[in-house]
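Student: Can we go through this one together? I'd like to start with whatever the record annotates, then move on to the packing.

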Amino acid sequence: MNFTLVKCYTPYISPLDPCKPILKKCYSTPPNLYLNFQPTNLEQYPTAREALFRGTLWPFLYDPYYLKREEA
Amino acid sequence: MWYYEKKLQYPVKVSQCNPMLAKYLIEQYGGADGELSAALRYLNQRYTIPDKVVGLLNDIGTEEFAHLEMIATMVYKLTKDATPEQLEAAGLGAHFVNHDHALFYHNAAGSPWTATYIQAKGDPIADLYEDIAAEEKARATYQWIIDLSDDPFINDSLKFLREREIVHSQRFHEAVEILKEERDRKKIF
């Protein structure tokens, strides 16, 4: 399955906007939106330690979150 | 009943005294989409949800208490030895007057937690859709706190909690799929 975890759009910028305009705005679309019912035997992380570190047993459901201000 | 394990679900480390960050984090403690609301919502809804998904609400509700405990630990450590002056400078003067260094169930703006944050409609689809919305809102709250925080240790724990919201949302979606299924009917349409 091919999908991205972040979607971006370019909002309308008014010539009268008082704050410095942000040209590109992004939002999260986490992987659960694309999984529907989880299939059996979905690939798991090799170690429990890594699963704990990631917060999920399945690489498919892992979504690293990056700072908003770093994305644009 | 519950068994209590005397450890956190995921380690909580704090790099510096930062009462301002504690003020924001308290949103996930006693806010509308916080961990207390989540735990009480699910553990209460589970009685009147179809048998097939009772266990899910039970397990997720229980995990929310483990998250609540992590948030509490963060808030406690971030404010532990802060002076009244430091608390005041962080916008926690009013909190100090009312609670000293104690934690309290209120949101980032100081409004006390209220049961009106949660609902139990008795309609399984309505309840599960509320639960899905709650998980997405909690995920978003974690994102905005991470955006404001420059504490790498806190952010590590917050990213873990954010990931759990994603997994919970996935499970609630699956619960809806289970309840949608034409189970005991011969499928002749």
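Student: Which residues does the UniProt annotation "binding site" cover?

Tutor: This is a predicted model. According to the unreviewed UniProt entry, the "binding site" annotation covers B:Glu35, B:Glu64, B:His67, B:Glu135 and B:His168.

Student: Take B:Glu64. Where does it lie?

Tutor: B:Glu64 is part of helix H4 of chain B, which runs over residues 51-79.

Student: Buried or exposed?

Tutor: B:Glu64 counts as buried, because it has 24 C-beta neighbours inside 10 Å and the cut-off for buried is 20 or more.

Student: And what does B:Glu64 touch, leaving out residues up to four places away in sequence?

Tutor: B:Glu64 touches B:Glu35, B:Ala38, B:Ala39 and B:Tyr42.

Student: Now B:His168. Which helix?

Tutor: Helix H8 of chain B, residues 152-180. B:His168 is buried too, since 26 other C-beta atoms lie within 10 Å.

Student: Which residues does B:His168 touch, with the sequence neighbours left out again?

Tutor: Not counting residues up to four places away in sequence, B:His168 touches B:Ile60 and B:Glu135.

Student: On to helix packing. How do H3(B) and H7(B) sit relative to each other?

Tutor: The axes of H3(B), residues 35-45, and H7(B), residues 124-148, come within 11 Å and cross at roughly 165 degrees. The two helices are therefore roughly antiparallel to each other, as angles over 145 degrees count as such.

Student: What hand does the crossing have?

Tutor: H3(B) passes H7(B) in a left-handed crossing.

Student: Which residues meet there?

Tutor: From H3(B), B:Ala38, B:Arg41, B:Tyr42 and B:Gln45; from H7(B), B:Asp127, B:Asp131, B:Ala134 and B:Ala138. The residues of this contact divide into four nonpolar, three charged and one polar. B:Ala38 and B:Tyr42 also touch B:Glu64.

Student: Different topic. How many residues of chain A are in contact with chain B?

Tutor: 18 residues of chain A are in contact with 17 residues of chain B.

Student: Which helices of chain A supply at least two residues each to that side?

Tutor: Helix H1 (48-54) and helix H2 (68-71) of chain A.

Student: And how do the residues on the chain A side divide?

Tutor: Nine are nonpolar, five polar and four charged.

Conventions:
Residues numbered from 1 in each chain as written. Chains lettered and ligands numbered in written order. Predicted model: local features only at pLDDT ≥ 70, side-chain atom pairs only at ≥ 80, totals over all residues. Axes fitted to C-alpha atoms, helices over the stretch in contact; angles between N-to-C directions. Helix = DSSP H or I, 4+ residues; strand = E, 2+ residues; numbered from the N terminus. Parallel < 35°, antiparallel > 145°, perpendicular 65-115°, else oblique. Left-handed = near helix turned anticlockwise from the far one by under 90°. Contact = placed C-beta atoms within 7 Å. Nonpolar A, V, L, I, M, F, W, Y, C, P; charged D, E, K, R; others polar. UniProt positions renumbered as here; feature names shortened; annotations may be inferred. Buried ≥ 20, exposed ≤ 12 C-beta atoms within 10 Å, placed from the backbone.
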